[in-house]
Amino acid sequence: MRRLRRRTLTGTAAAGCLLLLAACGHGPAPAAEDASPTPVRAAQAPAPLPVPHGEGSEVPDDFNGDGHRDLILDDLVKAESHADDAGIGIVYGSSRGLVSGTRQLLTPKEHAAPVDGQLPAVFEAEASCDLDGDRFTDLVVTTDPPYDGQGRPPVPLQLLFGSPSGPTGRAVPLTVPDRARYGNDWPERPVCGDFDGDGAQDLVVHASAGRLSYLRGPFTRKGAPREAGAPVPSPGEAPTGPAADVNRDGYDDLVVRVSAGPGRAALVLGGPDGPTRTGVTLPAGVDIALGAFGKGKALDAAVGTMDDTAMRYDLPTAARGSLDTPGSMLDAADFDGDGLSDLVSSGSGVRVHPGREAGLTARAPVTVRPAAPGTTRVLTTGDFDGDGLADLVLRTYRGDTEDSVEVHRGAAKDVVTARAALTFSTSQFLTR
């Protein structure tokens, strides 16, 4: 599953709020821009506001470096059902949270790098992290470079670098040296993480035949890693992010699926040589979320199926448990600020199971009901208003031309607020 179009290992990636820290203060929540079930149409969308200029920060997904987390949006609605994909949207944050009017549209025409003189038609967000170490988040996108089917395919991944104005320039193709590739598969499924513990963000991508390409950061502005050795043996084909320091040894770890889609997976541990050690095999499932769901020494894994959710506590030793609730789509974050991760299950309806010292329970989950009718899924979790609590971002679809995005704030008492603090439609990106 691709990292930004469907966040598979969501959550805090450490006890409490490892990925949710934002040092800036916050004011009152912005009023919902559209509390009715009817999505905002392009003609009703406010004119875009200028992107604030930042000086760089350590906040995740902060593309303009102003200290406030931003929201990445893929699969934007279209003007009509058969129209081309609009591109990738970014909604920028502020001290009060996301401001839907402060937005940026990234399109292949304006932002993709041509390959062999051809601009890509596919332009989709895959992963985000600060790859060049300048304190501005960068975006990894996948494209469709020309390929005649003979021999080794080109690298489809491109890097869009953040700046004080966000990612404004053209992307550069990611360099995966020949020595780091194996077989003739497409290098894809990028996962960011500091797998060797040197403080720089690395990338892991699929190679083939039980191997991964491990690219050490920082990366140059031409898309080249600092170092890349021979492909790393792996227990599976499909690296899955986001990465997390599961055993708290200073090295990021990641989950690798045997193959893309539902099935078996394993935890691969980082170390001085990168992600080279298999820590534990996880049960077969549809989705996986890492988080501190109990008061253990390490992070835990929730592995969801269409029937229930298998729990593995204190990885990689993996004490067993279970949760009597379907887990076809799972996410995790600390919404109430108690230092424990809460589990979001959104296969059918959106339910939040609060973390507990003794582990998760299926009793009395918090149900979140979007105002708009349609098919709802979790887009992401993160602290968008700087209050130290994770927020829940949902998207409800009503076909290719209508949708509604809701931001529900984390709350110490109620875990997640029932009413959205912000509601907007991605159709606003049709107006530039």
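Two strands count as paired if DSSP finds at least two bridges between them. The close-ups below come from a predicted model.

View 1. Strand β26 (residues 391-397) runs antiparallel to strand β27 (residues 403-408), and 6 bridges join the two. Valine 393 stands opposite valine 407 in β27. Tyrosine 397 has aspartate 403 of β27 as its bridge partner. The hairpin has 5 residues between the strands. Within this hairpin, glycine 399 takes a positive phi near 100°.

**View 2. Strand β26 and its other neighbour, β25.** Strand β25 (residues 375-382) is antiparallel to β26, with 7 bridges between them. Valine 378 of this pairing faces leucine 394 in β26. Of the 7 residues of β26, 6 are buried, so the strand is largely enclosed by the rest of the structure. Buried here means under 20% relative accessible area.

**View 3. The open sheet around β26.** The sheet has 4 strands, in the order β25-β26-β27-β30. Pairing is antiparallel, and the sheet is open. Strands β25 and β30 (422-424) stand at its edges. Each has a single partner strand, so one side of each is left without a neighbour in the sheet. From one strand to the next, the twist averages 15°.

**View 4. Strand β19, covered on both faces.** All 5 of the 5 residues of β19 (residues 309-313) are buried, so the strand is largely enclosed by the rest of the structure. One side carries Thr309, Met311 and Tyr313. The other carries Ala310 and Arg312. Both faces are covered.

View 5. Strand β18 (residues 300-304) pairs with β19 in the antiparallel sense over 4 bridges. Alanine 302 has methionine 311 of β19 as its bridge partner. That methionine belongs to the face of β19 that also holds Thr309 and Tyr313. A hairpin through 4 residues joins β18 to β19.

View 6. Strand β20 (residues 319-323) runs antiparallel to β19, and 5 bridges join the two. Alanine 310 stands opposite serine 322 in β20. Ala310 is buried, as is Arg312 on that side of β19. Between the strands of this hairpin lie 5 residues. Aspartate 314 in the hairpin takes a positive phi near 60°.

Key:
Residues are numbered from 1 along each chain as its sequence is written. This is a predicted model: local features need pLDDT of at least 70, side-chain atom pairs count only at pLDDT 80 or more; totals for chains, interfaces and linings use all residues. Side-chain values use heavy atoms; hydrogens and water are left out. Buried means under 20% relative accessible area, exposed over 50%, partly exposed in between (1.4 Å probe, protein chains only). Axes are lines fitted to C-alpha atoms, for helices over the stretch in contact, and angles run from 0 to 180 degrees between N-to-C directions.
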